[in-house]
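Subject: Structure handover

Hello,

Here is the structure I promised to pass on. Please have it open while you read; my notes follow below.

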Amino acid sequence: MRTLWHNCQAATMVEGRYSIIKDAAIVTHAGLIEWIGPRAQLQISALERTVDLDGAWVTPGLIDCHTHVVFGGNRSDEFEQRLQGVSYAEIAAQGGGIASTVRATRAASEDELFASARQRVQALMRDGVTTLEIKSGYGLDLENERKMLRVARRLADELPLTVRATCLAAHALPPEYAGRADDYIAHICDHMLPALAAEGLVDAVDAFCEHLAFSPQQVEKVFIKAHELGLPVKLHAEQLSSLHGSSLAARYQALSADHLEFMTEQDAIAMAAAGTVAVLLPGAFYFLRETQLPPMDALRRHGVKMALASDLNPGTSPGLSLRLMLNMGCTCFRMTPEQALAGVTLHAAAALGLEGSHGSLEVGKVADFVAWQIDRPADLAYWLGGDLPKRVVRMGHEICI
Ligand code: NIG
Ligand code: FE
């Protein structure tokens with residue numbers, strides 16, 4: 001149905017700027033944006049439906065490009081421990097951390113994981129999220145990674161949402177491989193990735209490059225296999241220390257390198273040259289009470305695209321609001337509200353390889369947008385979470401959340 005949406009202002013986010021159209025009109029047809037511009041210039045007449053947006057500000061549908069939303073249990077007990085001074089690394093060394101979520105995730109059925117993830121995804125959707133990345137990485141064997149990735153696919157089938165599924169089998173060492181990290185990496189490369197890719201469950205491959213996870217040499221093996229399978233890569237890099245994982249990611253044309261608090265200027269230069277997006281995760285920075293800031297000046301100076309994401313996970317960022325991350329991106333990392341909004345729209349799309357179809361309001365792109373009853377776009381980064389009045393449109397159809 002060819003629909004005209006009018007009586008609105010649009011922050012189109014073209015080229016990662018607000019790129020505002022005042023008194024805008026948007027025509028959607030067959031799930032795509034057929035026309036967008038000032039209402040006075042609209043010439044299409046064969047309209048089947050007209051929707052008055054009541055003066056709203058329209059933005060692209062928000063994109064959360066880094067989540068671990070599928071998991072069993074939760075770790076509020078560890079949160080209490082950390083508040084008493086025990087560090088994330090110490091908890092991990094004692095068998096807690098990621099390992100405790102692996103136990104809970106392995107014990108949960110696919111239906112249980114689906115039900116709990118669905119609630120969290122719906123919380124994100126209430127913030128205007130229409131596209132979501134979901135990582136595996138709490139199964140750490142073929143059967144349980146498959147279970148997580150199937151839940152990601154099912155969430156896309158059952159909710160009005162675009163989902164990209166990322167295999168993060170190289171997230172942590174499973175207990176059955178204790179002391180044998182190289183063997184686990186070989187198992188990922190020889191068995192897990194080929195099988196999961198053949199089942200159509202994987203859109204990208206990620207790994208955790210860190211002293212308490214995998215070395216750059218081990219990550220590189222995973223990247224080589226991903227490329228053999230025709231899959232793009234991403235990397236958790238430089239979160240707790242500097243191993244130059246982000247430079248490694250750039251060498252493999254990674255879609256993104258994520259976290260990055262400890263990255264260097266050389267890493268930023270490599271990422272800029274490769275077009276690898278810097279995904280900043282202020283929820284984890286805040287929740288771990290990190291003090292090392294990502295090198296924002298270097299990222300800006302070298303023109304690295306910056307995305308923002310929730311990192312929604314039970315250990316380091318139980319963040320159910322992407323808009324709260326906009327605020328944290330501004331307050332913690334000194335992004336401008338405009339950069340923060342680009343970080344959850346156009347640059348988040350780039351971090352998922354979806355820049356050609358999502359992330360900005362442009363002719364030919366998917367008609368995913370949010371009509372917010374706000375005074376100006378900066379309001380999206382200004383309010384600390386909460387529920388802002390809005391209408392959400394996905395593929396040209398208004399959805400109820
Ligand atoms: O993105 N850095 C590694 N992975 C997650 C943490 C996962 C967890 O602690 O459960 C992150 O912060
Ligand atoms: Fe993460």
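Two strands count as paired if DSSP finds at least two bridges between them. Helices (H or I, at least four residues) and strands (E, at least two) are DSSP runs, numbered from the N terminus.

First, the ground rules. This is a predicted model, where local features need pLDDT of at least 70 and side-chain atom pairs count only at pLDDT 80 or more, while totals for chains, interfaces and linings use all residues. Residues are numbered from 1 along each chain as its sequence is written, chains are lettered from A and ligands numbered from 1 in the order in which they are written, and side-chain values use heavy atoms, with hydrogens and water left out.

Domains

The protein splits into domain 1 (3–60 + 360–399) and domain 2 (62–351). These bounds come from an automatic or database domain assignment. The C-alpha centres of the two domains lie 30 Å apart. Their contact (heavy atoms within 4.5 Å) takes 27 residues from domain 1 and 23 residues from domain 2.

Eight strands make an open sheet, ordered 5-6-7-8-9-10-11-12, with parallel pairing. Strand 5 (62–64) and strand 12 (306–308) are at the edges with a single partner strand each, so one side of each has no neighbour in the sheet.

Strand 7 (residues 162–170) pairs with strand 8 (residues 204–209) over three bridges, in the parallel sense. There, alanine 170 stands opposite alanine 207 of strand 8. Helix 6 (residues 181–198) packs on the sheet and touches strand 7 and strand 8. The direction of helix 6 makes about 150° with that of strand 7. Axes are lines fitted to C-alpha atoms, for helices over the stretch in contact, and angles run from 0 to 180 degrees between N-to-C directions.

A helix pair

Helix 5 (residues 142–158) packs against helix 6 at an angle of about 30°, with the axes 10 Å apart. That makes helix 5 roughly parallel to helix 6 (angles under 35 degrees count as roughly parallel, over 145 as roughly antiparallel, 65 to 115 as roughly perpendicular and the rest as oblique). Helix 5 brings Leu142, Glu145, Arg146 and Leu149 to the contact, and helix 6 brings Met192, Ala195 and Leu196.

The mixed sheet

Seven strands form an open sheet in the order 3-2-1-4-13-14-15, and the pairing is mixed. Strand 14 (residues 390–394) and strand 15 pair over three bridges in the antiparallel sense. Valine 392 stands opposite isoleucine 399 in strand 15.

Best wishes
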